[in-house]
Amino acid sequence: MQLNRANKRILCIDDHYDSCELLSYVLETSGYEFDYAQTIAAGLSKMSATRFDLYIFDTLLPDGCGVNLCEKVREQNPQTPIIFCSAQAYSKTIDEAYAAGADAYLVKPVDADELIKVISRLLRGTDERMAIMRKPEGMASLLQENYYDALLGDKSLTKG
């Protein structure tokens, strides 16, 4: 499945202007639409006004914690991928981000190629899940695959 990046909107919530500008350049050059906010409040406002396909959060923000934001977003939106991009490299912080619902955690300074690979993988996975769910038998198939993954950790054992 080919990923159409031009239709993919990414919102970054990071209080460092330089980080946002760098991400803007990297992502827009790669064909994504990019927007950013420097506070949780501004980010939530943009989320309520516009649909985004992926979020990038920092952990420390002027008006709160990115991990708490992730939990709040996950309550309302369990499917949109969330990437943390932070200078916080402590295993406790990374574990908290994943526990809150993060799909990936990248430590700054982030390699641009690695970021694009992670975004592409997450968005491709979202597109594939949506395509499966649009088929009449799709939801059952998706649930069955997740069930086998959880039980066995390897679908090849169930495929004969």
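The questions and answers below take these topics in turn.

Analyst: This is a predicted model, in which local features need pLDDT of at least 70 and side-chain atom pairs count only at pLDDT 80 or more, while totals for chains, interfaces and linings use all residues. Residues are numbered from 1 along each chain as its sequence is written, and side-chain values use heavy atoms, with hydrogens and water left out.

User: How many aromatic pairs are there?

Analyst: A pair of aromatic rings is described by the distance of the centres and the angle of the planes. Rings of Phe, Tyr and Trp (its six-membered ring) pair if their centres lie within 6.5 Å, and planes under 30 degrees apart count as stacked, over 60 as edge-to-face and the rest as tilted. By this rule the number of aromatic pairs is six.

User: Which geometry does the pair of Y17 and Y36 have, stacked or edge-to-face?

Analyst: The ring centres of Y17 and Y36 are 6.4 Å apart and their planes stand at 70°, so the pair is classed as edge-to-face.

User: How many residues apart in sequence are the parts that this pair, Y17 and Y36, ties together?

Analyst: Helices (H or I, at least four residues) and strands (E, at least two) are DSSP runs, numbered from the N terminus. Y17 belongs to helix α1 (residues 17–29) and Y36 to strand β2 (residues 33–37), so the parts tied together by the pair are apart in sequence by 19 residues.

User: Which aromatic cluster do F52 and Y55 belong to?

Analyst: F52 and Y55 form a tilted aromatic pair, with 6.2 Å from centre to centre and 55° between the planes. Both F52 and Y55 are buried, where buried means under 20% relative accessible area, exposed over 50% and partly exposed in between (1.4 Å probe, protein chains only). The one cluster that they form part of consists of F52, Y55, F57, F84 and Y105.

User: Which side chain makes a polar contact with the side chain of T80?

Analyst: T80 is placed in the loop between α3 (66–76) and β6 (82–86), and T80 is buried, with a relative accessible area of 7%. A polar contact is a pair of N or O atoms within 3.5 Å; within protein, one must be able to donate a hydrogen and the other to accept it, and residues adjacent in sequence count only if both atoms are side-chain atoms. At 2.9 Å, the partner of the T80 side chain is the side chain of N77.

User: Which residue in β7 stands opposite S86?

Analyst: Two strands pair if DSSP finds at least two bridges between them, and β6 pairs with strand β7 (residues 104–107) in the parallel sense over four bridges. In β7, the residue opposite S86 is V107.

User: How many disulfides does the structure hold?

Analyst: A disulfide is taken as a pair of cysteine sulfur atoms within 2.5 Å. For C20 the nearest cysteine sulfur, that of C12, is 4.4 Å away, and for C85 the nearest cysteine sulfur, again that of C12, is 6.9 Å away. The number of disulfides in the structure is zero.
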